[in-house]
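User: Pick one part of this model and walk me through it closely, please. Start with a bit of context on the whole chain, then zoom in.

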Amino acid sequence: MSAPLYQLKAEFFKTLGHPVRIRVLELLSEREHAVAEMLPEVGVEPAHLSQQLAVLRRANLVVARRDGATVHYSLVDPEVADLLAVARSILSGVLAGQAELLADLRAAGTTPRD
């Protein structure tokens, strides 16, 4: 018996639920990247980046291509870039709403505490 679609979606979003993986997918949304190119952009140790790339490979979100000693990664499906763009749009709306609320609170003389 196959898993319900909502369960598969939850697993998919769990795979996306790591900042390094999101950053890698953002980079690969622009173009193919070699691992060495991604390291300074992602800001983690090579072993950690390798682990996160392995998770993305197992989820069939990225594919690796070897060119000599260099490994290049790319997105399996360009719709991943679309998904990241939609997430950015949603977050922009949420943050804009929070900024408006903060402005209203400040205008009312109420300062939120951390």
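Analyst: Contact here means heavy atoms within 4.5 Å. On that basis, 49% of the contacts in the protein with a separation of 6 or more link residues 24 or more positions apart. Bear in mind that this is a predicted model, where local features need pLDDT of at least 70, side-chain atom pairs count only at pLDDT 80 or more, and totals for chains, interfaces and linings use all residues. Residues are numbered from 1 along each chain as its sequence is written, and side-chain values use heavy atoms, leaving out hydrogens and water.

The protein has five helices and three strands (DSSP runs numbered from the N terminus: H or I, at least four residues; E, at least two). Along the sequence they run α-α-β-α-α-β-β-α. The C-alpha atoms fill a box of roughly 65 × 45 × 25 Å along the principal axes, and 23% of the 114 residues count as buried.

H33 counts as buried because its relative accessibility is 4% (buried is under 20%, exposed over 50%, partly exposed in between, with a 1.4 Å probe and protein chains only).
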